[in-house]
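Keep the sequence and the 3D view side by side as you read.

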Amino acid sequence: RGEIHGMPGPVWLQGPIDGVPPMLQPVAHALIEAEEDVRRLVTHMTEAAVWARPHGGASVGYHVRHAIGSLDRLFTYARGEALSEAQLAALAAEKTTGPGTASPAELVSQFAAQVQVALKQLRETDAADLLAHREVGRAKAPSDVIGLLMHAAAHTYRHVGQAITTAKAVQTG
C-alpha cells in the first residue's frame with residue numbers, strides 16, 4: 001500500500017487524516033485508499049484496456065468515471081443541495097463513455113481531484129450536523145449527512161473494486 005504521514009500500510013491504520021472529524025475518518029480513509037488503488041491500477045493500463053468491456057460488462061473507465069460522478073452527487077446531497085444541470089449532464093454522459101472520452105492519465109487525475117474535493121468537504125463538515133436530514137434525488141428520499149457520506153465512500157470503493165476485477169478480466173482476455 002501507499003504512504004500517508006510517512007507510514008506504510010493500509011490507510012486506515014496510518015492514523016487520522018488531518019482536519020477530518022473523528023466520525024468521518026472512515027470515509028476519508030476509504031476515499032484515500034480508493035484513490036491509491038485507482039492510481040496503481042489505471043496508470044499502467046492502455047486506453048484500449050481501460051475502455052474494454054470483457055464479456056459485455058462495464059469497462060474499468062466506466063467504473064472510475066461513475067465513481068467520480070457519484071461521489072460528486074452524493075456529497076452535493078450531503079450539503080443539502082440539489083444537483084446542477086452540469087451534474088445531471090455528467091450523469092447522462094457516464095452511460096456513453098468509451099474510447100476517446102478520457103485517457104488513463106486523465107481518469108486518474110479526475111478521480112484524484114474529486115477525492116480532494118471530497119476531503120475538503122469532510123474537513124468542513126461540522127460533526128454536530130451529521131444527523132441533519134437530507135433529501136436524495138428527484139424522489140427526495142430521506143437520508144442524513146453521515147448516511148450520505150458513508151454511502152459515498154462505500155459506493156466509490158465498490159466501483160473501484162469492480163474496476164480492479166474488470167482489469168484482471170481484460171488482462172486474461
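His29 sits in helix H1. Helices here are DSSP runs of H or I with at least four residues, numbered from the N terminus. His29 has 10% relative accessibility, so His29 counts as buried (under 20% relative accessible area; exposed is over 50%, partly exposed in between, with a 1.4 Å probe and protein chains only). Leaving out residues up to four places away in sequence, His29 touches Val11, Trp12, Gly15, Pro16 and Ile17. Contact means heavy atoms within 4.5 Å.

This is a predicted model, where local features need pLDDT of at least 70, side-chain atom pairs count only at pLDDT 80 or more, and totals for chains, interfaces and linings use all residues. Residues are numbered from 1 along each chain as its sequence is written, and side-chain values use heavy atoms, without hydrogens and water.

Now for the partner of H1. The axes of H1 and H5 come within 10 Å and cross at roughly 170°. Axes are lines fitted to C-alpha atoms, for helices over the stretch in contact, and angles run from 0 to 180 degrees between N-to-C directions. H1 and H5 are therefore roughly antiparallel (over 145 degrees; under 35 is roughly parallel, 65 to 115 roughly perpendicular, the rest oblique).

| Helix | Residues |
|---|---|
| H1 | residues 25–42 |
| H5 | residues 104–124 |

Among the H1 residues that meet H5 are Leu31, Glu35 and Val38. On the H5 side, the contacts include Leu107, Phe111 and Gln116.

Several residues of H5 are buried, including Pro104, Phe111 and Gln121. Their cover includes H1, H2 (47–51), H3 (60–78) and H6 (145–172).

Note on methods:
Helices (H or I, at least four residues) and strands (E, at least two) are DSSP runs, numbered from the N terminus.
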